[in-house]
Amino acid sequence: MRRTNGGGGTVHAPTPESTGSSVDDRPAVGRLRHGDRGALTELYRRHAGAVYWNAYGVLRSRPDAEEMTADAFLTLWTRRREVEVFGSSALPWLIVTVKNLSRNRLRANERRRTDPLYDADHPEDAPSAEDLAALEEAMRLIRGVIAELPVVDQRIFRLCMVDGLSYKEAAARLGLAHGSVRNRLSRVRLRLRRELGEGS
């Protein structure tokens, strides 16, 4: 499946067939427990499609499904020492995780629509700075992509994904609209996800 992002580039969206369920994940999970970030990238390439479509089935929103997919793999990384794989695939664990995250996001979206005072960017809902740093390090193989971004997008990525600021806080820091920060960061995430999916 292909679609064009706001910058004119082609984004390759994951397909429902990208399940990777026939592959034995146990070696990768074993390496993951010992802090091997390459194993995280391997599992992402293998299962991101199926995880994405499970999130989309709950949320019916591409941006939210993309964000919950990233959060599911972030959770896999931060909880790597306690993850139990039943059988040979990590996919069931990832699906349970992404569905729980997606239901939480769905409830948050409902509260946002009904309560004008609800703050969707409450810091308690954000990953910790340590978790964000681990995710950023796990994506070290595609650091070159970040270096090629416009300066403002590089700053948004660092503020939101490394320093852990909310969209609202990053927007205030950069003098941009909240929606502009969210949209720009969404495009950055799509580009990073494409690189992970197409990397060697």
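Helices here are DSSP runs of H or I with at least four residues, numbered from the N terminus. The model is a predicted one.

Q: In which helix is the place of Arg155?
A: The helix that holds Arg155 spans residues 151-162. Under the numbering from the N terminus, that run is helix H7.

Q: Is Arg155 buried, partly exposed or exposed?
A: Buried needs a relative accessible area under 20%, and exposed needs one over 50%. The relative accessibility of Arg155 is 46%, so Arg155 counts as partly exposed.

Q: What distance separates the C-alpha atoms of Arg155 and Ala170?
A: Along the chain, Arg155 and Ala170 are 15 residues apart.

Q: In what order do the elements of the chain run from the N terminus on?
A: The secondary structure comes to nine helices and two strands. Read from the N terminus on, the elements run β-β-α-α-α-α-α-α-α-α-α.

Q: What share of the residues in the chain is buried?
A: The accessible surface of the chain comes to about 10700 Å², and carbon and sulfur atoms account for 50% of that surface. The chain has 200 residues, and the buried share of them is 42%.

Q: Among contacts in the chain between residues at least 6 apart in sequence, what percentage joins residues at least 24 apart?
A: A contact here means heavy atoms within 4.5 Å. Taking contacts between residues at least 6 apart in sequence, the part that joins residues at least 24 apart is 65%.

Q: Are H2 and H3 roughly parallel, roughly antiparallel, roughly perpendicular or oblique to each other?
A: The axes of H2 and H3 come within 8 Å and cross at roughly 140°. The crossing is right-handed. Angles over 145 degrees would count as roughly antiparallel, and 65 to 115 as roughly perpendicular. H2 and H3 are therefore oblique.

Q: Which residues in H3 meet residues of H2?
A: On the H2 side, the residues include Leu40, Tyr44, Val51, Trp53, Tyr56 and Leu59. Across from H2, the H3 residues are Arg62, Asp64, Ala65, Glu66, Met68, Thr69, Ala72, Phe73, Leu76 and Trp77.

Q: Is the crossing of H1 and H2 left-handed or right-handed?
A: Helix H1, residues 26-33, packs with H2 at an angle of about 145°, with the axes 7 Å apart. Ala28, Val29, Arg31 and Leu32 in H1 meet Ala39, Leu40, Glu42 and Leu43 in H2. The crossing of H1 and H2 is left-handed.

Q: How many salt bridges does a search of the whole structure find?
A: Side chains of opposite charge can pair when their charged atoms come close. Asp24 has a relative accessible area of 34%, and Arg26 has one of 48%. Over the whole structure, the number of salt bridges found is ten.

Q: Which helices does the salt bridge of Asp64 and Arg105 tie together?
A: The side chains of Asp64 and Arg105 meet at 2.9 Å, N to O. Asp64 is buried at 8% relative accessibility, and Arg105 is buried at 17%. The two residues are 41 apart in sequence, so the pair ties together helices H3 and H4.

Q: Which residues do salt bridges with shared partners join into one network?
A: Arg31 and Asp36 meet in a salt bridge at 3.1 Å, N to O. Arg31 is partly exposed at 31%, and Asp36 is partly exposed at 28%. The network joins Asp25, Arg31, Asp36, Glu42 and Arg46.

Q: What is the value near which phi of Arg60 lies?
A: Most residues other than glycine have a negative phi. Arg60 lies in the loop between H2 and H3 and is exposed, with a relative accessible area of 60%. Phi of Arg60 is positive, near 55°.

Q: With which residues is Arg80 in contact, leaving aside its neighbours within four places in sequence?
A: Arg80 is found in the loop between H3 and H4. Arg80 is buried, with a relative accessible area of 11%. With those neighbours left aside, the contacts of Arg80 are Leu32, Arg33 and Gly35.

How values were computed:
Residues are numbered from 1 along each chain as its sequence is written. This is a predicted model: local features need pLDDT of at least 70, side-chain atom pairs count only at pLDDT 80 or more; totals for chains, interfaces and linings use all residues. Side-chain values use heavy atoms; hydrogens and water are left out. A salt bridge is a side-chain nitrogen of Lys or Arg within 4 Å of a carboxyl oxygen of Asp or Glu. Buried means under 20% relative accessible area, exposed over 50%, partly exposed in between (1.4 Å probe, protein chains only). Accessible areas come from the Shrake-Rupley method with a 1.4 Å probe; for residues, only the protein chains shown count as cover. Axes are lines fitted to C-alpha atoms, for helices over the stretch in contact, and angles run from 0 to 180 degrees between N-to-C directions. Angles under 35 degrees count as roughly parallel, over 145 as roughly antiparallel, 65 to 115 as roughly perpendicular and the rest as oblique. A crossing is left-handed if the near helix is turned anticlockwise from the far one by less than a right angle, and right-handed if clockwise.
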